[in-house]
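I set out to record the overall build of this chain and then to look at a single helix within it.

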Amino acid sequence: MMVLRVALVALLSAVVSVSAQVNSCYADIASPNFYFATKTSYKFVKNTNTDLITLPGCEAVQMWLFSRHGTRYPRNDPEPGGEDYRAAPQEGREMELDALTQQMPILRDAVIQNHVSGRGELCAEDLQNLRDWTIDIPPELEEKLAPSGEEEMHDIGQRYTKRLPGLLDRSYKDGDYTFRFTTASRAEKSCHHFAKGVWGNNEEDTIVYPVPIENDPLIRFYKVCSKWYDEVDNNTASRVEWQKFIDGPEVAQTVAAVSKRLGFSTSTPLSYDQVSLTYTMCRYDKALYYGQLSPWCAAFSNSDLLVLEYVDDLLYYYKDGYGYDINWMQACNPVVDVATYFNSIVLGATSKPYGIFYFSHSGAMAKLLARWGLYKDAMAPTASNFAFMSGRQWSTSRMQNFGVNMVFVLFRCELNTYKVQLYVNERLTHIPGCAGDTCLFSEFAAIVQPIIETCDLDAICENPPAY
């Protein structure tokens, strides 16, 4: 078998074009780009530093976490309001999981044949990796939390236990902690695995979790926001910049480059949809099996990946971010929630729970980050300013990635004063409106007060009485 493999690699080496022979192999790149927009694995975003979270003269007394679920399997039948909804009408939308399992093996064989015929620019090792590639995701795993997602969430819980032992390194008791997750299995399982990271498997088994609420207005508020559906999700105007960029020169150049690299002629290049599906396969491969190389990623140069990342950034900026006011205005309930919990501690009404843990989805996460004023650029991303947005803050790879999370920590300090810190993806993050990275509670209260006073979801969303 080894002799056959070596011979096959030698054959492929002999038939690739001259240009392919001088190209470096993707398999040999020491530090490839793994920032794949909303399909970025948390393994490439996490903060492995587990030093204690401390402030001089203070102790942490409560933490509040809001998280997207971990890495999931691909889905079929994207729904309006779902995190992968696109502009096409329902009957015209392509099923993601079906497309990957049915079309990618056909494309793989075509790419191999192209190189055997002397076309294409992949090196022999990348070609052999592509030949060895298979996809085996049964329909029953659709949208379910993947083992890599389980590990992501477990490890987040474990790392926060090391950072905040006073809050988390204690035996579990009812009333000491609050959990909440959506009706989606991937959110519920993310919660369970986070808890296992904190308390271990045996103690986690004793936790009685709440029954999830359908279209939960606290952690999936966009599901009960008619104005958002009307003005954004079901409005093609919200996807104008996204579509313009797809139809523009940067994407055209990427499609041409990928087509050439995979051996398709200029007269019969790949379509944008085929390149997009190849990108989707590359990033799912890397999220589901982060320790392995995805041969589909060899189809893209780093500049290609930056262009395709921007496609998603544009889509979600206008769907979930600052592109429309209703996106972030509706995300007030979680702000009220954390403020209420913290205020109860500050006023001395209670000392518990030690931790509040919510598990939701990328759409809720992005809207909530925008509600806090985070990741806001001076210039809005558009189809025409890609060249000027390389240092943008709005980056779905770092704020809508699998497992993205935000944690507020409340500290009780000397003279019975209080302070607040925010961590996004386990890194200390400045709260807009605070003088420093550590926020005096009086500053925090001043930031949230106008949000609290105007937080009426039905009014903000202009929901009809029976909605």
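I first counted the secondary structure of this predicted model: the protein chain has 18 helices and seven strands. I then looked up the radius of gyration, which is 24 Å, close to the 23 Å that the globule rule gives for 467 residues, so the chain is as compact as a globular protein of that length. I noted the extent of the C-alpha trace as well, which spans about 75 × 50 × 40 Å along its principal axes.

Of the 467 residues in the protein chain, 55% count as buried. Among contacts with a separation of 6 or more, 78% are between residues 24 or more positions apart.

I then examined the surface and the charges. The protein chain exposes about 19,300 Å², and carbon and sulfur atoms supply 53% of this area. I found 41 positive and 57 negative side chains. The centres of these two sets lie 3 Å apart.

Finally I inspected helix α14, which covers residues 332–346 and has 15 residues. From its first C-alpha to its last, α14 reaches 21 Å, close to the 21 Å expected at 1.5 Å a residue. Which residues of α14 are buried? I listed C332, P334, V335, D337, V338, A339, F342 and I345. For reading such a list I kept in mind that an α-helix has 3.6 residues a turn, so residues three or four places apart point the same way. After α14 comes G348, for which I recorded a positive phi, near 80 degrees.

Methods: Residues numbered from 1 in each chain as written. Predicted model: local features only at pLDDT ≥ 70, side-chain atom pairs only at ≥ 80, totals over all residues. Heavy atoms only, no water. Helix = DSSP H or I, 4+ residues; strand = E, 2+ residues; numbered from the N terminus. Rg over C-alpha atoms; globule rule 2.2 N^0.38 Å. Buried < 20%, exposed > 50% of the residue type's maximum accessible area, 1.4 Å probe, protein only. Contact = heavy atoms within 4.5 Å. Areas by Shrake-Rupley, 256 points an atom, 1.4 Å probe, with all protein chains shown as cover. Lys, Arg positive; Asp, Glu negative; His and termini not counted. Charge placed at Lys NZ, Arg CZ, Asp CG, Glu CD. Expected span 1.5 Å × (residues − 1).
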